[in-house]
Amino acid sequence: MKYQRLTKEQLDELHPEFINFLATQSITAEEWKQLKETKPAVAEEELDVFSDLIWEGVLNRVEYLENISPQHLHLFKVNGKNIELIAVKVNLSEIDLTTTEGFNWLRDHISDDAVEMMTAAKGFQEEKNQEIFNLIKQGAVITKGALYQWFEALIAA
């Protein structure tokens, strides 16, 4: 398995897609039921293959990721050959960027000495989708990039 198995909830949400996947494997509903009962290891492998296919489809479309903690913002932009980072650090323990108040404080005090910003870019060290998946496993979430673009415009100004 390349990524990780989808959760039961995710598999339930993707039930129609899973049925289509089984159909492409020429597995009927009755055969699937029998497979789960008589060859659970094979059924597990099918779930793993399906999970990887879903992850590949999702990861292929990722353009932006965010990982926000109380004192840090890590904003990522995925390009064809590299990933760009805008990192923001707040050096005040009383500010929590995961709250609306904390983020509003950052917006209003972006030029304060307590706020550090840096940018970086790096080429992919391993397969692109695997690196994106690793960021997700570390807490990043896929976004439309509004926050990244806001900071990118701020830095460029």
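Which residues does Leu 59 touch, not counting residues up to four places away in sequence? Leu 59 touches Tyr 3, Asn 129, Ile 132, Phe 133 and Ile 136, where contact means heavy atoms within 4.5 Å.

## Basis of the model

The model is predicted, with local features requiring pLDDT of at least 70 and side-chain atom pairs counting only at pLDDT 80 or more, while totals for chains, interfaces and linings use all residues. Residues are numbered from 1 along each chain as its sequence is written, and side-chain values use heavy atoms, leaving out hydrogens and water.

## Packing of α4 and α6

Helix α4 (residues 40-60) and helix α6 (residues 128-137) have axes that come within 10 Å and cross at roughly 95°. The two helices are therefore roughly perpendicular (65 to 115 degrees). Helices are DSSP runs of H or I with at least four residues, and strands are runs of E with at least two.

Trp 55, Glu 56, Leu 59 and Asn 60 of α4 meet Asn 129, Ile 132, Phe 133 and Ile 136 of α6. The residues of this contact comprise 5 nonpolar, 2 polar and 1 charged.

## Gln 130

Gln 130 also lies in helix α6. Gln 130 counts as buried because its relative accessibility is 15%, buried being under 20% relative accessible area with a 1.4 Å probe and protein chains only.

## Nonpolar cores

The largest nonpolar core has 28 residues, and Trp 32, Leu 59 and Leu 65 have the most contacts inside it. Such a core is a set of buried Ala, Val, Leu, Ile, Met, Phe, Trp, Tyr and Cys residues joined through side-chain atoms within 4.5 Å. Helix α4 supplies the largest share of this core, 5 residues.

A second, separate core of 16 residues includes Leu 73, Ile 95, Trp 105 and Leu 147.

Methods:
Axes are lines fitted to C-alpha atoms, for helices over the stretch in contact, and angles run from 0 to 180 degrees between N-to-C directions. Angles under 35 degrees count as roughly parallel, over 145 as roughly antiparallel, 65 to 115 as roughly perpendicular and the rest as oblique. Ala, Val, Leu, Ile, Met, Phe, Trp, Tyr, Cys and Pro count as nonpolar, Asp, Glu, Lys and Arg as charged, and the others, Gly among them, as polar. Buried means under 20% relative accessible area, exposed over 50%, partly exposed in between (1.4 Å probe, protein chains only).
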